[in-house]
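Please read the following notes with the sequence and the structure open beside you. Each numbered point takes up one part of the chain or one ligand.

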Amino acid sequence: MELMTSRTDPLFDREGARNPLSVLKQVYGYPAFRGKQADVVAQVVAGGDAVVLFPTGAGKSLCFQVPALCRDGVGLVVSPLIALMRDQVEALKQLGVRAAALNSSLGRDEFVDLRRSLDRGELDFLYVTPERIVTPAFREMIGNTKIALIAIDEAHCVSQWGHDFRPEYRDLGRLAQEYPGVPRMALTATADPHTREDIIARLGLEDATVFTTSFDRPNIAYEIVERDQPRQQLLSFLSRHEGESGIVYCLSRAKVEETSEWLNTQGIRSLPYHAGMERELRDAHQDAFLKEESLCLVATVAFGMGIDKPNVRYVAHLDLPGSVEAYYQETGRAGRDGLPSEVWMAYGMVDVIQRGRMIDGGNAGDDIKRVERAKLNALLAICETAGCRRQAILAHFGETHPGNCGNCDTCLKPVETWDGTEAAIKALAAVYRTGERFGTGHLIDVLTGNENERTIRFGHVDMPVFGAGRDLPTRTWQSVYRQLLAAGLVRVDHEAFGALKLEPEARAVFRHERQVLFRKDRPTKGKAAKNAGARAANARNALEGADMELFEALRATRMEIAKALSVPPYVVFPDTTLIAFATERPTSRDALLGISGVGQAKLERYGDDFLAVIRSHQR
Ligand code: ADP
Ligand code: ZN
């Protein structure tokens, strides 16, 4: 196999006018722009500023890459993660585009080379960290070099409201003055209106055109279950994703380590990732995740931003995420390539208590704590809804969705509801009668008439409410309290060690003025979960028989090439392109070019290798 690993000549003539659509076709091999990509590109090619608010997977990279290739000069790309810059630069190089990254890991010789190509105008893209781009040294280095545009990726990092605030982003507002007349773009997948406003204000993009689309991710199937036997539940979920890659999020570093170790004993290849690990090891695990085809990465939320692996097929949460925004971002890392993907969460009351304690125990001011508590309740409401999850998630971001998406657990297997007014009154009475001083565990002991050391010591066994809830099992009472919490009828007082307190709205329930509907919890044990996710299943299921065989052979070739180049396989070709190879079976170079994802440079580099595989698999 002959591989061309570098080429310095520009792929296409940088002199004549460059048309965005022909750049898209020649360089990327894509037949058409998607959604509002074309509008963004037109705006920036014409010299305007843009704020691009598209969900993950919508194709934000092309929004700055194509205009930069159409305009004269080098495109400056601000990106927060050095470890990922390398992959992005590599991906551009594979497209025949001249890209480099400026970061502290650059050797002296490499730096001299980079400066030389910059001075000679032989660079299409320069990736740079936010702290670097604002230094006088960088401005001096740019000198009179022509700048095509400045793109600020992961722009939500500028906002303290966001979940990934980075102080280094704060000074980026200065770029407007330092590079007058250069179009600037901010790009992010944040769906939170508050953060969006903040981005515009802080980056001085008030006059920019804002481009936004729906934040729905239709290819992602949502499922949220009550945590019962978490490891078995996780295994049952993962069994639907054999041979695929995904992420399992845990709250603590210790749980990350334990879970990852345990998964390996279960025959699932897994690596841990958290901020407490040595940097080198962490980066090595991230790299393995990007380069391997079938790896379960168990991580804390420290992992994920900027990961552009397109074929993350699943995301599982073993603990409640920080907020709906965080949940959306974390689950959003699945299915960037648009193929069916599944996200799954197991949660329980302990999570709610634990998170609440983290909020209240922190040193943030009261206002921030109140916002955080409201965020927690919003998330809980999504977990406990009997309606469509997608609708509830999008509603949180102010977007209306008709519901009945057909691709979430509650739509696929509608949950039954029951009139829980009487149960709610009993549950609230238990809170009230015991003086709003106890957590759910004790309250349920009281309701179910459990005579133990505590119920006896506090004299609760003598109360009328003691045993008043014997008609329902403990599990149902747990669910009742979660739903009362989600409905804002009680709150957890973390200063009082997780005691439940009544909210004013509870009064209407006591007076029979408010009816309470509860969702019926599903029986647990693997089975129910399996049914719900059956539809989403394996992304490759679309392929059958001979096509599947060919696809596997193509995957093997892709892996060989990727290894030789030391790049992730998707940098060679994404799965979507390989699937098209396997079903359409192009047998000439021309036919290959007709497949989405095959541009000129990749055709030259490894088109023949793939043609050989396809030809050897003739039907
Ligand atoms: P984002 O940054 O918005 O999350 P990416 O830029 O990573 O999304 O794009 C997601 C995937 O979609 C990538 O594999 C990309 O190559 C592909 N893609 C983007 N735009 C197009 C298009 N117009 N046609 C085909 N594929 C596209
Ligand atoms: Zn739904």
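**Notes on the predicted model**

1. UniProt, in an unreviewed entry, places the feature "domain: Helicase C-terminal" at residues 230-379. Please keep in mind throughout that this is a predicted model.

2. The zinc ion (ligand 2) deserves a careful look, and you can find its coordinating atoms in the side chains of four cysteines: the SG atoms of C388, C405, C408 and C411, at 2.3 to 2.4 Å. Along the chain, these donors follow the spacing C-x16-C-x2-C-x2-C. Why is the arrangement around the zinc ion (ligand 2) tetrahedral? The four donor atoms subtend angles of 99 to 119°, and four donors count as tetrahedral if all angles lie between 85 and 135 degrees.

3. A polar backbone atom of A32 is 2.9 Å from a nitrogen atom of ligand 1, and a polar side-chain atom of R34 lies 3.3 Å from a nitrogen atom of ligand 1. On the side chain of R336, an N or O atom is 2.7 Å from an oxygen atom of ligand 1. Taken on its own, ligand 1 has 560 Å² of accessible area, and the protein covers 84% of it.

4. Is E223 buried or exposed? E223 counts as buried, because its relative accessibility is 4%. This glutamate sits in strand β8 (residues 220-226), and its side chain makes a polar contact with the side chain of R240, at 3.2 Å.

5. E278 is another glutamate to examine, and its place is in the loop between β10 (270-273) and α12 (279-291). At 62% relative accessibility, E278 counts as exposed. The C-alpha atoms of E278 and G267 are separated by 26 Å, although the two residues are 11 apart along the chain.

6. Finally, please check two backbone angles, bearing in mind that most residues other than glycine have a negative phi. E154 is not a glycine, yet it has a positive phi of about 50°; it lies in the loop between β5 (147-152) and α8 (175-178), and with a relative accessible area of 16% E154 is buried. S566, likewise not a glycine, has a positive phi of about 60°. S566 is found in the loop between α24 (545-565) and α25 (569-572), and it is partly exposed, with a relative accessible area of 47%.

Terms used
Residues are numbered from 1 along each chain as its sequence is written. Chains are lettered from A and ligands numbered from 1 in the order in which they are written. This is a predicted model: local features need pLDDT of at least 70, side-chain atom pairs count only at pLDDT 80 or more; totals for chains, interfaces and linings use all residues. Side-chain values use heavy atoms; hydrogens and water are left out. UniProt positions are given in the numbering used here, feature names are shortened, and annotations may be inferred rather than shown by experiment. Donors are N, O and S atoms within 2.8 Å of the metal (3.2 Å for Na, K and Ca); water is not among the atoms, so sites may look incomplete. Four donors count as tetrahedral if all angles lie between 85 and 135 degrees; four count as square planar and six as octahedral if opposite donors are over 155 degrees apart and all others between 65 and 115; anything else is irregular. A polar contact is a pair of N or O atoms within 3.5 Å; within protein, one must be able to donate a hydrogen and the other to accept it, and residues adjacent in sequence count only if both atoms are side-chain atoms. Accessible areas come from the Shrake-Rupley method with a 1.4 Å probe; for residues, only the protein chains shown count as cover. Helices (H or I, at least four residues) and strands (E, at least two) are DSSP runs, numbered from the N terminus. Buried means under 20% relative accessible area, exposed over 50%, partly exposed in between (1.4 Å probe, protein chains only).
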